[in-house]
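Please look over the sequence and the 3D structure below. A short briefing follows them.

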Amino acid sequence: MLKDIFTKSKKKKYATIPSEAAKQDVPEGIMTKCPKCKKIMYTKEVSKNLKVCINCGYHYQMNAAERLQSFLDEGSFEEWNGGMVSKNPLNFPDYFEKLEKDREKTKMNEAVVTGTGTVNGFQVAIAVMDANFRMGSMGSVVGEKITRAIEKADELSIPFIIFTASGGARMQEGVLSLMQMAKTSAALKRFSDNGGLTISIMTHPTTGGVSASFASLGDYNFAEPGALIGFAGRRIIEQTIREELPEDFQTAEFLLKHGQLDAVISRLDLKEKITTILDVHAGGEVKWLEN
Amino acid sequence: MVGELEFERPVIELKKKISELKEFTKSTDVDLSSEIEKLEERLEKLEKEIYENIKPWNRVQIARHPDRPTTLEYISHLFTDFFECHGDRNFGDDEAIVGGIAKFHGLPVTVIGHQRGKDTKENIRRNFGMPHPEGYRKALRLMRQAEKFKRPIICFIDTKGAYPGKAAEERGQSEAIARNLFEMAGLRVPVICIVIGEGGSGGALALGVGNHIHMLENSTYSVISPEGAAALLWKDASQAKRAAETMKITAPDLKELGIIDEIIPEVKGGAHKDVKKQSEYIDQILMKSLKELVKISDEELVVHRYWKYKAIGEYSFAAEYVKVN
Ligand SMILES: [Zn+2]
C-alpha cells in the first residue's frame, strides 16, 4: 500500500520538478502544477520558495541535496561515510541492479546522507534521508550510517538532527533491516544518556520501521505540514478494522492532535525555529546568577 | 473602567469624579485645583483602605477575573525565545496546559503552566484551563526533558481543577496527577512554582511540587472551591463567601501556614490592571529564587523538596490513648 502512495506521488510531483542537473537551464519543467491547489506556477519560483507552493503552502518533497542546501549554512556541510554501499546478504535477485538504477537516478550511494554542518553557526551532526532511493528504505547501510552519525555526535558533543523520509525497512535485506531499528535506537539511547540532544524532523513520508524507531525518538519531534507519518499502511488498517479512515489520518496534523509531535513546522520557518532550540540548548554565560 | 469589581467601586467612582472635575476646569476659568487636590488625597487614602484590606472573597473574585493574566501572557513578558512543545507522545495534546523551552535573562529554562482562554472560543479549546490526563503527561514529559538537559523548571499554576469528566477518568486522571507528584519529588533540577490565579486542588498540585512555591497576592490555593466547600460543609453553595474565609485559601493564609515561600505583590486592584508591571514583580522573585536554587546540588535539591513537604502538617501526640492489641 505504501508503494502506491510513492508511485502516485512520484508521478505527480516529480514529473515537473527539474532534477539537480536540469535546474540551471530548465528546458522541460518551466511550469509546475501544484498537486493540492492545482495552481500553475513557475518551477523556478517554487524552487526559490524552498519547494513550498506559493499559493497554498503545499510542501513538495525535497531530495537530500536540496535539504542540506536549504537547511545548513552555505558551504558548511562535510559528508561522513559517503562511500558506504550495500551488500546483498540474502542474495536477493536483482537487488544490486535496483541499487545501481537508483544510484544513477539520485546520484547517491544510499538512501541517507550523513555528515556535519552548521545551522546559523551551531554545529550539528545531520542525517538526511531521501525517499527517491529505494523509497528511503532502511537496510544495513542506512542503519549503520545513521548509527555512526549518532556516535560521532556523541563523540563531538554536538546535537544530532535527522530528516526522515522512508517507506520503512528494506525488504531485500530481510531481518537484517529489522534489526537496524534496534541498532539505531540503542545508539540514540546511549547518546541520550550522555546528555545528547536529538531533533527529529519527519518529512513526507515517514512510515513503518523508520517511524517506529529513530524518527520518533527525538527530544523534539517535528514534522513538515501534510507529511504522511504512520506505522501501518492506511489500506491494511482499513482492511483490518473494516472501517473507512478519516481523510487526515496519519498526516502531520493528525499526529500533532494525538500528542505525537511537539510541533508541525513549515519549511519556510524551519531553520529559524531549529536555531531557537539549538540556541536555548547551547545556553551560555549567565552573569546575574553568580551574585 | 471594564471589569471592575464591586468592592473597588468607591475608588472607581472617586477617580471618575476627579477626572470630570479636571475636564471641567479645562473648559472654564473656574479654579478647582484645591478641591481636586483634596479629592486626590481622599483617593489615596481610600485606595490604601480598600486595596490593603482585601477580603478573602474579594481575592477570589480577583483571582477569577476574566481579564486576569494567563500563563502565556506572563511567558511573553518574562521570557525570551519561548518555544512551545505540544503533546504527551501518547494520546493527545491538552491545550489546558502549555509548556516549552525558553530563556530567562539568558538562562535556559523549561516553563509549564495551566492555560485558560481569554474568550469563550479559546476557553472551549483550552477546556477552561481544566486539564485531562494527557495534559499532566505532557507536563511530565517536559519536566523529564528539563532534567535531562539540566534546565530549571518554572510552573505557573492557574486552574479551577483537573477536569471531572468521563474520558478523563477512563484515561487515568488520578494516575496522571499521582505520577506527577511522584516524579516531581525526584527531579534533580530546581523547580519553582508560582500560583498566578486559582490553585484548584489536585489539578493544581500536579504542577506544584517545587523547591519554592510563590503566590501572587490575590491568587488562591485550596483543596476545594469555596462553593464546593460551602455545599459540603453547610449544604449551601451560597455560603461561598464564608467558606472563602474559613478555608484559608489566600496567599497571606498560605504564607502563615508555612506552605508558600513568598507572596508576590500585585499591582493595585489586581494583576489584570497592568500585566507588564505585574510581570516585573514576578521577575524579581523569580530571579531571587533561581539565584538561591542554582547553588544547591542535584541531590540536595531532591532532599530540599522532600523536607519542604515533610514539614507540612499539624499534629500532636496524646499522653494517654487506647492501645490496639
Ligand atoms: Zn498549492
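The points below cover the metal site, a surface patch, aromatic pairs and salt bridges.

This is a predicted model, in which local features need pLDDT of at least 70 and side-chain atom pairs count only at pLDDT 80 or more, while totals for chains, interfaces and linings use all residues. Residues are numbered from 1 along each chain as its sequence is written, chains are lettered from A and ligands numbered from 1 in the order in which they are written, and side-chain values use heavy atoms, with hydrogens and water left out.

**Zinc site**

- The zinc ion has protein donors A:Cys34 (SG), A:Cys37 (SG), A:Cys53 (SG) and A:Cys56 (SG), at 2.2 to 2.4 Å.
- Donors are N, O and S atoms within 2.8 Å of the metal (3.2 Å for Na, K and Ca); water is not among the atoms, so sites may look incomplete.
- The arrangement is tetrahedral because the four donor atoms subtend angles of 106 to 112° (four donors count as tetrahedral if all angles lie between 85 and 135 degrees).
- The donor residues follow the spacing C-x2-C-x15-C-x2-C in sequence.
- A:Cys53 is buried at 2% relative accessibility, whereas A:Cys56 is partly exposed at 28%.
- Buried means under 20% relative accessible area, exposed over 50%, and partly exposed in between (1.4 Å probe, protein chains only).

**Surface patch**

- A:Ile30, A:Met31, A:Ile40 and A:Tyr42 make a nonpolar surface patch of about 400 Å².
- Patch residues have over 30% relative accessible area and no salt bridge; like charges are joined within 9 Å, and nonpolar side chains (Val, Leu, Ile, Met, Phe, Trp, Tyr) within 5 Å.
- Accessible areas come from the Shrake-Rupley method with a 1.4 Å probe; for residues, only the protein chains shown count as cover.
- A:Met31 is partly exposed, at 36% relative accessibility.
- A:Met31 sits in strand 1 (residues 31-33) of chain A.
- Helices (H or I, at least four residues) and strands (E, at least two) are DSSP runs, numbered from the N terminus.

**Aromatic pairs**

- The whole structure holds 10 aromatic pairs over all chains.
- One of them joins A:Phe71 and A:Phe163 edge-to-face, 4.9 Å centre to centre with 80° between the planes.
- A:Phe71 lies in helix 3 (residues 64-71) of chain A and A:Phe163 in strand 6 (residues 160-166) of chain A, so the pair ties together parts 92 residues apart in sequence.
- A:Phe71 is buried at 2% relative accessible area, and A:Phe163 is buried at 1%.
- Rings of Phe, Tyr and Trp (its six-membered ring) pair if their centres lie within 6.5 Å; planes under 30 degrees apart count as stacked, over 60 as edge-to-face and the rest as tilted.
- A:Tyr220, A:Phe222 and B:Phe83 form one aromatic cluster.

**Salt bridges**

- A search over all chains finds 43 salt bridges (a side-chain nitrogen of Lys or Arg within 4 Å of a carboxyl oxygen of Asp or Glu).
- A:Asp262 and B:Arg89 meet in a salt bridge of 2.5 Å, N to O.
- A:Asp262 lies in the loop between helix 9 (252-257) and strand 10 (263-264) of chain A and B:Arg89 in the loop between strand 1 (80-84) and strand 2 (97-104) of chain B, so the pair joins two chains.
- A:Asp262 is buried at 0% relative accessibility, whereas B:Arg89 is partly exposed at 24%.
- A:Lys105 and A:Asp102 form a salt bridge of 3.9 Å, N to O.
- A:Lys105 is partly exposed at 48% relative accessibility, whereas A:Asp102 is buried at 6%.

How values were computed: Tetrahedral: all angles 85-135°; square planar, octahedral: opposite > 155°, others 65-115°.
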